[in-house]
Amino acid sequence: MQEAGVNLVSLGIFSWSRLQPGPNEFDFEWLDRVMHLLNEGGIKVDLATATASPPPWLTHQHPEMLPTLADGARLWPGARQHYCPSSPVYREAARSLVERLSARYKDHPALVMWHVGNEYGCHVAACYCDVSAIDFRTWLRARYGSLEELNRAWGTDFWSQRYSDWEEILPPRQAPTWPNPGQCLDFLRFSSDALLACYEIERTVLSRVTPGIPITTNFMRFFKPLDYWKWAVQEDIVSDDVYQDPSEPEASSLESAMAGDLMRSLGQGRPWILLEQTTSRVNWRPVNVPKRPGQMRLWSFQAVAHGADGVMFFQWRQSRSGAEKFHSAMVPHGPVESWPAWREVVQLGAELGRLDALCGSRVPAEVAIVFDWESWWALEQPSKPSANVRALEQARAYYEHLYRANISADFAHPEADLKAYKLVLVPNLYLVSDAAAAGLAAYVSGGGRLVMSYFSGIVDPADQIRLGGYPAPFVELLGLRVEDFAPLAVGETIPVRFEAGQVATGQIWSELIRPAGAEVLARFEAGPLKGEPAVLRHTFGSGVAHYIGTTLDSIAMGALLEQARMEAGVTSVAALPPGVEAVRRQGDSGSFLFLLNHQDAEVEVEAAPGLDALTGERIEGGRLRLPAYGVAIIKEDLAEGQ
Ligand code: GLA
């Protein structure tokens with residue numbers, strides 16, 4: 001570990017059955033020994049609470065704590081995460097283990113961070129059992145107060161679903177056809193909250209016993225079942241697990257940039273930790289392609305560029321047995337010295353050790369992308385005009401252009417204060433609260449620039465249509481009204497002609513838009529909507545809002561966003577050849593420019609004068625050579641007055 005520059009170890013994540021071999025039996029001696037060894041070696045510990053995989057004795061005694069699927073099937077123990085999030089038995093057993101563990105190690109010199117649970121919800125994000133049903137009712141009572149209110153919110157007169165007693169309410173179990181959408185949406189909210197309650201139970205113990213030790217739990221990028229906006233505020237440090245697919249390097253690089261920006265945004269700009277990645281192969285794809293030499297280092301520094309202050313791995317030693325024995329690790333099954341990935345691990349460890357000055361610095365962003373879990377959940381429920389409008393794909397269709405142009409972006413909750421941003425992008429906000437709608441309008445009228453796509457502002461938080469003409473809460477802001485939706489068939493495209501003459505294509509969606517003050521920038525060119533507006537621009541107060549009524553092809557979308565960002569005065573970090581990413585972090589100890597070559601070939605780039613933070617050498621400006629998958633971090637010379 002010392003050779004690899006390891007200074008922090010996540011320890012004991014799946015060790016419950018070892019730590020507590022029976023209801024009243026505990027064995028901490030082995031953990032004492034490991035903690036001691038690490039401490040002696042100058043290595044700190046991110047100690048896991050070990051609650052992600054209940055031991056066999058617990059589920060044997062309490063089979064009622066096992067999770068149940070929507071169709072009533074109960075999941076058996078034998079893998080991991082086999083617990084119902086609402087189970088009082090699970091919650092109490094977890095709490096009591098955490099009491100013991102924290103009492104034992106509270107003063108241990110190696111302890112610097114707590115790792116609560118592990119990847120909450122990754123296998124079991126919701127449980128439909130009777131215990132969950134009771135918990136769901138309690139949650140609903142708190143939300144609605146009265147049954148009348150619940151009936152109103154869920155629109156239960158439709159299909160004769162009116163409830164006359166709380167006891168009649170169930171999780172949305174497998175039914176003949178679509179369960180009530182309000183019930184489904186609330187169950188998603190409840191399920192995220194139920195897991196959050198499990199986390200909170202442990203956090204409460206830890207913050208009492210070790211008030212100074214920061215607490216994290218590892219996120220999984222854009223993980224749909226958990227509303228990370230709600231989770232992140234309960235964490236001292238946001239952390240993430242990223243497993244790129246080396247067989248799709250370009251998409252992987254884009255997605256990890258996007259995930260990094262999300263993690264930073266979840267922590268309100270604070271540095272985060274890349275808590276898990278792997279040196280080479282995973283074991284859970286149908287085919288597990290290894291990372292190419294250099295890719296692990298590149299993707300590690302990419303996380304740092306997007307705001308991570310720590311880079312960690314799953315796992316230290318590749319296991320000999322168990323379900324993950326073909327998952328790569330820092331130390332392989334075979335000889336370590338001859339394994340190229342080990343050399344890369346050692347190099348990375350040494351390099352990260354030279355970057356202390358970077359810690360605590362921030363990634364300045366002038367653009368915000370509005371992203372919301374509740375809207376995501378509601379949008380992707382069945383029975384919509386088109387099942388092909390997907391929240392993450394919509395967000396990605398915007399994000400990719402910023403990424404390629406080296407423009408840093410934050411993600412923002414729809415109700416966030418957006419004043420600090422020059423440009424706000426709303427790829428899709430199907431569900432919108434009154435507060436969010438008012439906030440977006442106030443942002444634009446106060447001088448902000450906004451770009452919004454179709455099927456936004458359609459429902460309220462109860463998933464009820466906002467009446468008065470679509471998109472009701474944005475009609476004034478956008479200066480238009482949508483009279484009807486005309487989704488496109490799979491594979492169908494529609495030509496879109498811009499006023500300046502260029503012809504683009506739209507896919508997934510089209511709609512009949514009536515301008516009411518907005519200027520038309522482009523029109524549909526064929527079909528029943530021929531001649532009708534497709535892209536519009538509206539001056540609202542002192543700001544400007546763009547509206548896009550289809551999914552434009554990538555070139556047209558890129559051009560539109562470039563236009564919007566030029567008008568908004570948004571700057572790019574650097575203009576570089578395709579496949580080379582530039583991100584800037586700034587802090588008290590200076591400005592750091594990351595240049596990341598995602599290509600399998602050497603490139604030459606324009607470089608500003610500064611100090612190479614990895615080699616300590618001076619860069620006098622001019623041309624800089626970046627090898628395939630190469631990285632440069634330049635501590636920039638600041639001009640007078642900067
Ligand atoms: C997740 C889990 C780890 C391990 C890896 C495998 O990150 O947290 O325990 O299963 O996936 O990729």
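Student: In this predicted model, how many Å separate the centres of domain 1 and domain 2?
Tutor: The chain is divided into three stretches, with domain 1 covering 1-127 + 196-237, domain 2 covering 367-568 and domain 3 covering 580-636. Taken over C-alpha atoms, the separation between the centres of domain 1 and domain 2 is 41 Å.

Student: Which three residues supply 77% of the area that domain 1 buries against domain 2?
Tutor: The contact involves 8 residues of domain 1 and 11 residues of domain 2, and the area buried between these two domains is about 940 Å², with carbon and sulfur atoms giving 73% of it. On the side of domain 1, the share of 77% exceeds what any other three residues supply, and it comes from Phe222, Lys224 and Trp229.

Student: Which side chain meets lysine 224 in a salt bridge?
Tutor: Between domain 1 and domain 2 the count is 1 salt bridge, alongside 6 residue pairs in polar contact. The residues of domain 1 that touch domain 2 divide into 6 nonpolar, no polar and 2 charged. In the salt bridge, the N to O distance is 3.0 Å, and the partner of lysine 224 is glutamate 380.

Student: How many charged residues does the shell around the ligand have?
Tutor: The residues around the ligand include Arg80, Glu119, Asp241, Glu276 and Glu324, and also Phe14, Asn118 and Trp284. An N or O atom in the side chain of tryptophan 284 is 2.8 Å from an oxygen atom of the ligand. By class, the shell has 4 nonpolar and 3 polar residues, and the number of charged residues is 5.

Terms used:
Residues are numbered from 1 along each chain as its sequence is written. This is a predicted model: local features need pLDDT of at least 70, side-chain atom pairs count only at pLDDT 80 or more; totals for chains, interfaces and linings use all residues. Side-chain values use heavy atoms; hydrogens and water are left out. A residue is near a molecule or strand if one of its heavy atoms lies within 4 Å of it. A polar contact is a pair of N or O atoms within 3.5 Å; within protein, one must be able to donate a hydrogen and the other to accept it, and residues adjacent in sequence count only if both atoms are side-chain atoms. Ala, Val, Leu, Ile, Met, Phe, Trp, Tyr, Cys and Pro count as nonpolar, Asp, Glu, Lys and Arg as charged, and the others, Gly among them, as polar. Domain bounds come from an automatic or database domain assignment. Contact means heavy atoms within 4.5 Å. Buried area is the accessible area (1.4 Å probe) that two parts lose on being put together, summed over both. A salt bridge is a side-chain nitrogen of Lys or Arg within 4 Å of a carboxyl oxygen of Asp or Glu.
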